[in-house]
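Work through these exercises on side-chain packing. Each task is followed by a stepwise solution.

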Amino acid sequence: MPDETTEPRERYHHGDLQRALVEAAEAILTERGVEGFTLREAARRAGVSAAAPAHHFGSAAGLLTEVALLGFETLTRFLREGAAAGGTDPAARLSGQGMGYVRFARAHPARFLLMFRKDRLNWDDARLRAAGQAAFAELEDAVRAYRGIAAGRPLDRPALATVVAAWSMVHGFAHLALDGKLEGVGEAHGAGPVDDTILPEILAGLWPTRGDRG
């Protein structure tokens, strides 16, 4: 008779099991948030022994780091797609990235809410740092183009201020939207609910395109 503690793991190849555990972790985060996450529950949902997640990822932080890594990789793709949608105008590309950032948060809220948690991730993981830096580099490059700074050149203080302003605005907007905090803002003024459709107006006010600048 097979050992019940090892039998579930035999249903997976190595990579398949890791993927199954990451998917289970993300489902738990969606339902319960990071505070409700446990390795034991991830193992149960993946149909493996309770020891399997620790064997593959070392700890809860290790498994959550894999989810966050996937989040940064996905965010980079959304930022690139947003910039591409902006065409050739640097302001439109920067605004497009802002839209892409919020679309990412909407599409993958569990990843978004986890990715910046300093207390729950292994930030000494070089892969996670590299993935975060790759996403941030997309924003930096868009600001360089907007500010007329050559590719690869260091950002001056005004450009850094633009980076921080852009990131802070869309990150805060995404959090407010996910928490449902924006819905009553417009209704209080008889303007109907505020949702993501107002974001292009906000971004256009911050970074007018060439046509808007005259």
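**Exercise 1.** Which residues does leucine 75 touch, not counting residues up to four places away in sequence?

*Solution.* The model is predicted: local features need pLDDT of at least 70, side-chain atom pairs count only at pLDDT 80 or more, and totals for chains, interfaces and linings use all residues. Residues are numbered from 1 along each chain as its sequence is written, and side-chain values use heavy atoms, with hydrogens and water left out. Apply the contact cut-off, heavy atoms within 4.5 Å. Leucine 75 then touches Tyr101, Phe104, Met115 and Ala135.

**Exercise 2.** Find the residues with the most contacts inside the largest nonpolar core.

*Solution.* Take buried (under 20% relative accessible area, 1.4 Å probe, protein chains only) Ala, Val, Leu, Ile, Met, Phe, Trp, Tyr and Cys, joined through side-chain atoms within 4.5 Å. The largest such core has 58 residues. Leu29, Phe37, Leu63, Leu75 and Leu114 have the most contacts inside it. Helix α4 (residues 60-85) gives the largest share, nine residues. Helices are DSSP runs of H or I, at least four residues, numbered from the N terminus.

**Exercise 3.** Classify the ring pair of phenylalanine 78 and phenylalanine 104.

*Solution.* Rings of Phe, Tyr and Trp (its six-membered ring) pair if their centres lie within 6.5 Å; planes over 60 degrees apart count as edge-to-face, under 30 as stacked, the rest as tilted. For phenylalanine 78 and phenylalanine 104, the centres are 5.9 Å apart and the planes 65 degrees, hence edge-to-face. Phenylalanine 78 sits in helix α4 and phenylalanine 104 in helix α5 (residues 90-107), so the pair ties together parts 26 residues apart in sequence. Both phenylalanine 78 and phenylalanine 104 are buried.

Key:
Buried < 20%, exposed > 50% of the residue type's maximum accessible area, 1.4 Å probe, protein only. Helix = DSSP H or I, 4+ residues; strand = E, 2+ residues; numbered from the N terminus.
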